[in-house]
Amino acid sequence: MKRILAVLLLAVAAAALTACQDDTSSIGLGLIDQVGTEFQDTSTVVACSILEDTLPTTNLASCVLGNIHDPVFGDSRAAIYAQFALGGSSVNFGANPVVDSIVLTLQLSSYYGDTTSRVGIRVHRLTEDLSSGATYYQNSAVGHDATPLNYSLTGYSIRPGTSVIVDTNTYSPHLRIRLSQAFGQYLLNNVSQMASNSSFQQFFKGLCIDAVSHSGSTGYMLVTNMTSALSSLTLYYHNDSKARQKYDFVCNSECTRFTHCSHDYQSSSHPDFSQEVLSGQQEVGARTLFLQALGGVKTRITFPNLQDAFKGLGNRVVINKAELVVTDIAPEEPYLTHPPTLSLQGVSKTNGNAMYLPDDEYYTSSSYFGGSYNESRHEYRFRITQYVQNLILDNSDLTNSLYLVVRGSGVRANRLVIGGTGLTDGNRLRLELSYTTY
């Protein structure tokens, strides 16, 4: 008997040790095969798509520039506001410098839309300071001259997969915008304002780079790496002693920059979009839901009856796995591709601010939390097991509502049309639950 008891104690200790060593990929899964485990996907889910309020875009890894038309979401226009800094500690243009050309270059990180389109891009000199301590949003704007600095008012095409040859050097894909000779000479004539970065930025406050039109039916958005060495304002000139010189004004990590984006939804041809997002008819969310990056559209998802569904069970219910399933119902749209990943935001009970879910990859991992697009099933899945368990136990700091958004919304231009909560097929927005009661 003592021998049997000792063996049992060792087995219990080994099981406890194994449980302590499990990683986050096993959270909530240990009870799925137990007797009494149930599955259901009929929990009441209420959802509606609404306009995003504000999205901070200050000093993000990338900035977005472009002009695009979407038959569902209407017209969107993105501009870049950016400071520039001196390319070296000592600026000397020599005796009698004369401009040859001045070129603004923007390195391309990625793009969205139709690259065969030509987009009309206008560059303006800022008349107001960009503050290093300020937070700028997608709807922020800074004063600038009305007259563009462009050498010619033309449309610009892009070749995001093609290297660019300048002189005899080959560079990664980037956009080159020639500016006026007068602007270049103006910079050459004011070398006295370039004793330091602070004096230079007081003299030259920066640029607004705006996209005002596009050819074709779609247009494009560019994702640019503004702090790359390829993103600069390059002044080509000659002086009395040298025939060809150049100087780069750079947009480094110390320079303030942000993306401004405006959305005009009046040209949307989708009746559900107009009724739901613009007119506030929340019941339309039972049919169709919408997401758009760059401070456009987000979707609010609520689980109004989740606690009542398990009322009376108290601590006698264990959520083994809870997954929110989001389905793309317009995967065939040309040029207007789905977001590679989505994100879920919790809502604080205290102040209504966005918060991480306990299941978020911030606390667990991306493989556990999910949110990536499944190409074969045209869907996204989020594991929200701990969030649901906390709601049922009524010990959560979060409300029973979540916001679904495009992940990296400040540096992407993608959009998505989602199946609503009232559909009767596999496209329905739903919560799948595996749970055990005892």
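**Questions for a predicted model**

Visitor: Why is Cys 261 called buried?
Guide: Its relative accessibility is 5%. Buried means under 20%, so Cys 261 falls in that class. Bear in mind throughout that this is a predicted model.

Visitor: How many disulfides does the rule give?
Guide: The count comes to zero. Take Cys 251: the nearest cysteine sulfur belongs to Cys 255 and lies 4.8 Å away. A disulfide needs two cysteine sulfur atoms within 2.5 Å, so Cys 251 is in none. For Cys 261 the nearest cysteine sulfur is that of Cys 63, 12 Å away. The cut-off is again 2.5 Å, so Cys 261 is in no disulfide either.

Visitor: What makes Cys 251 buried?
Guide: Its relative accessible area is 1%. The limit is under 20%, so the label holds.

Visitor: What makes the phi of Tyr 335 worth a look?
Guide: The angle is near 70°, a positive value, and the residue is not a glycine. Most residues other than glycine have a negative phi. Tyr 335 sits in the loop between β18 (317-327) and β19 (342-348).

Visitor: Is Tyr 335 buried, exposed or partly exposed, and how do you know?
Guide: Its relative accessibility is 41%.

Visitor: What is the phi of Asp 394?
Guide: About 60°, which is positive, in a residue that is not a glycine. The loop that holds Asp 394 runs between α7 (385-393) and β23 (398-406).

Visitor: Why is Asp 394 called exposed?
Guide: Its relative accessibility is 54%. Exposed means over 50%, so Asp 394 qualifies.

Visitor: How many cavities of 30 Å³ or more does the rule count?
Guide: One. The largest cavity has a volume of about 90 Å³. A cavity is a set of points where a 1.4 Å probe fits but cannot get out.

Visitor: Which residues lie nearest the centre of the largest cavity?
Guide: Ile 68, Ser 76, Tyr 112, Gln 292 and Ala 413, out of 13 lining residues. At least two lining residues come from each of β3 (63-70) and β4 (74-82). By class, the lining has seven nonpolar, four polar and two charged residues.

Visitor: How much space lies in the largest pocket?
Guide: About 560 Å³. Its lining holds 25 residues, and Ser 343, Gln 345, Ala 354, Tyr 356 and Val 405 lie nearest the centre. The elements giving two or more of the lining residues are β17 (297-302), β19, β20 (354-355) and β23.

Visitor: Which element gives the most to the lining of the largest pocket?
Guide: β19, with three residues. Sorted by class, this lining has 11 nonpolar, eight polar and six charged residues.

Visitor: What is the volume of the second largest pocket?
Guide: About 210 Å³. Of its 15 lining residues, Tyr 171, Arg 176, Thr 234, Tyr 236 and Lys 246 are the closest to the centre. Four strands each supply at least two lining residues: β9 (169-171), β10 (174-179), β13 (232-238) and β14 (245-250). β13 gives the most, with three.

Visitor: Which residues of helix α2 (residues 181-188) are buried?
Guide: Phe 183, Gly 184, Gln 185, Leu 187 and Leu 188. They pack against β5 (98-113), β10, α3 (197-203), β13 and β14. Of these elements, β10, β13 and β14 also supply residues to the lining of the second largest pocket.

Visitor: How many helices and strands are there in the protein?
Guide: Seven helices and 25 strands. The C-alpha trace spans about 100 × 60 × 40 Å along its principal axes.

Visitor: What share of the residues in the protein is buried?
Guide: 49% of 438 residues. The accessible surface comes to about 20,300 Å², and carbon and sulfur atoms account for 49% of that area.

Visitor: Among contacts between residues at least 6 apart in sequence, what share joins residues at least 24 apart?
Guide: 82% in this protein. A contact here means heavy atoms within 4.5 Å.

Note on methods. Residues are numbered from 1 along each chain as its sequence is written. This is a predicted model: local features need pLDDT of at least 70, side-chain atom pairs count only at pLDDT 80 or more; totals for chains, interfaces and linings use all residues. Side-chain values use heavy atoms; hydrogens and water are left out. Buried means under 20% relative accessible area, exposed over 50%, partly exposed in between (1.4 Å probe, protein chains only). On a 1 Å grid over the protein atoms alone, a cavity is a set of points where a 1.4 Å probe fits but cannot get out, and a pocket is an open set with protein on both sides within 12 Å along at least five of seven lines; lining residues have an atom within 4 Å of a point. Grid points are joined across faces, edges and corners, and a volume is the space filled by probe spheres set on the points. Ala, Val, Leu, Ile, Met, Phe, Trp, Tyr, Cys and Pro count as nonpolar, Asp, Glu, Lys and Arg as charged, and the others, Gly among them, as polar. Accessible areas come from the Shrake-Rupley method with a 1.4 Å probe; for residues, only the protein chains shown count as cover.
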